[in-house]
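Subject: Structure handover

Hello,

Here is the structure for you to look over. My notes follow it.

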Amino acid sequence: MTAFVKMHGLGNDFVVFDARDTAIPLAPAQVKKIADRHFGVGCDTVVVIRPGGAQADAGVLFFNADGSEAESCFNATRCVARLLMDERGLARVKLSTKGGMLVCTDAGKGLVMVDMGPPRLDWQQVPVAGAVDTVNFPLDVGGANLPVSVLSMGNPHCVLFVPDADKAPVTQLGPKIETLPFFPKRTNVEFAQVLGRDRIRMRVWERGVGVTLACGTGACATAVAAMRRGLTGRKVELVLDGGSLFIEWREEDGHVLMTGPTAMPFRGRLELDKL
């Protein structure tokens, strides 16, 4: 039996395995079964904690519900950081991911702040298939040109600003945009409504998952996109389906900071070889 921890950040939920002492190889088919909400544990993302080496307290791998691997997941990063900080009595940990090194800090009152470093704003860094003004350009979606912003927060994002996020066609447009050939690694898709200079309502279609209650990288991408367009200031509250995240795009070094809560509903054990 292999131990796991079920955690979530604003309802964006994870099954977390600790492979620091013993490797836990997971095939895509196993990930899909673990993530299945009827026949498995149920989650948006399966997370594996690994040894961090000399540069980090731990390494982290993220696997989407469809079995594919993601470069980054900031809500899951906050959860792993909380586990390690509680385990070791630390106020700060460094986590290595395929999307980059992340520094996580205890922000008090149960909150964790993650320093994601600077966003990647060049079209080749997202990546997309051709040169565009990543701040705002028309994206061809089935013959309709939709104005979007694109950027990477360690993983690719496409942000659409809409008049009403709650009425946005997330389940209709999300999967179409995710799989457009224009995005060679597919993309996450955010539907954002600016409520004020310091507040944005956002819903998300996550690459390889579908609609989720929250998305940390998506919240950061949306905030940066809004700031680049001059729609907000550099500190904003992102109101997601599962609650709020607080994002700052720091002017002095260009780093994006995200602060939000974590929760651990339960621990359990799985027979991985029988999945």
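The largest pocket has a volume of about 230 Å³. Lining it are 15 residues, and the closest to its centre are Val5, Val16, Asp18, Leu83 and Arg267. Strand 1 (2–9), strand 2, helix 2 and strand 18 each supply at least two residues of this lining. Strand 1 gives the most, with four residues. A pocket here is an open set of points on a 1 Å grid over the protein atoms alone, with protein on both sides within 12 Å along at least five of seven lines; lining residues have an atom within 4 Å of a point. Grid points are joined across faces, edges and corners, and a volume is the space filled by probe spheres set on the points. Helices (H or I, at least four residues) and strands (E, at least two) are DSSP runs, numbered from the N terminus.

Before the rest, the ground rules. This is a predicted model, in which local features need pLDDT of at least 70 and side-chain atom pairs count only at pLDDT 80 or more, while totals for chains, interfaces and linings use all residues. Residues are numbered from 1 along each chain as its sequence is written, and side-chain values use heavy atoms, with hydrogens and water left out.

Cavity

The structure holds one cavity of 30 Å³ or more. A cavity is a set of grid points where a 1.4 Å probe fits but cannot get out. About 100 Å³ of space lies in the largest cavity. Its lining has 14 residues, of which Asn64, Ala70, Ser72, Asn155 and Glu206 are the closest to its centre. Helix 2 (74–88) and helix 4 (216–228) each supply at least two residues of that lining.

Which residues of helix 1 are buried? They are Gln30, Val31, Ile34 and Ala35. Seen down the axis of helix 1, these buried residues fall within an arc of 130°, so they line one face of the helix. The arc is that of the directions from the helix axis to the C-beta atoms. Buried means under 20% relative accessible area, exposed over 50%, and partly exposed in between (1.4 Å probe, protein chains only). The buried residues of helix 1 pack against strand 2, strand 3 (45–50), strand 4 (58–64) and strand 18 (263–270). Contact means heavy atoms within 4.5 Å.

Pro25 lies in the loop between strand 2 (12–18) and helix 1 (28–35). Pro25 counts as exposed, at 67% relative accessibility. Its C-alpha atom is separated by 9.1 Å from that of Val48, 23 residues apart along the chain.

Hairpins

Strand 9 (residues 137–141) and strand 10 (residues 144–152) run antiparallel, joined by five bridges. Two strands pair if DSSP finds at least two bridges between them. Leu139 has Leu146 in strand 10 as its bridge partner. This hairpin has two residues between the strands, and Gly142 takes a positive phi near 60°.

Strand 10 also pairs with strand 11 (residues 156–161), in the antiparallel sense, over four bridges. Here the bridge partner of Ser152 is Pro156 in strand 11. That hairpin has three residues between the strands, and Gly154 takes a positive phi near 95°.

Backbone points to check

Most residues other than glycine have a negative phi, and most peptide bonds are trans. What is the peptide bond from Val126 to Pro127, cis or trans? It is cis, with omega near -5°. Pro127 sits in the loop between strand 8 (111–115) and strand 9.

Lys109 is not a glycine, but has a positive phi of about 55°. It lies in the loop between strand 7 (100–108) and strand 8. Lys109 counts as exposed, at 88% relative accessibility.

Arg186 is not a glycine either, and has a positive phi of about 60°. Its loop runs between helix 3 (170–178) and strand 12 (188–196). Arg186 is partly exposed, with a relative accessible area of 26%.

Cysteines

How many disulfides are there? The count comes to zero, where a disulfide is a pair of cysteine sulfur atoms within 2.5 Å. The sulfur of Cys43 is 10 Å from the closest cysteine sulfur, in Cys73, too far for a bond. Cys215 is in no disulfide; its nearest cysteine sulfur, that of Cys73, is 6.7 Å away. Cys43 is buried, with a relative accessible area of 2%. Cys215 counts as buried, at 2% relative accessibility.

Best wishes
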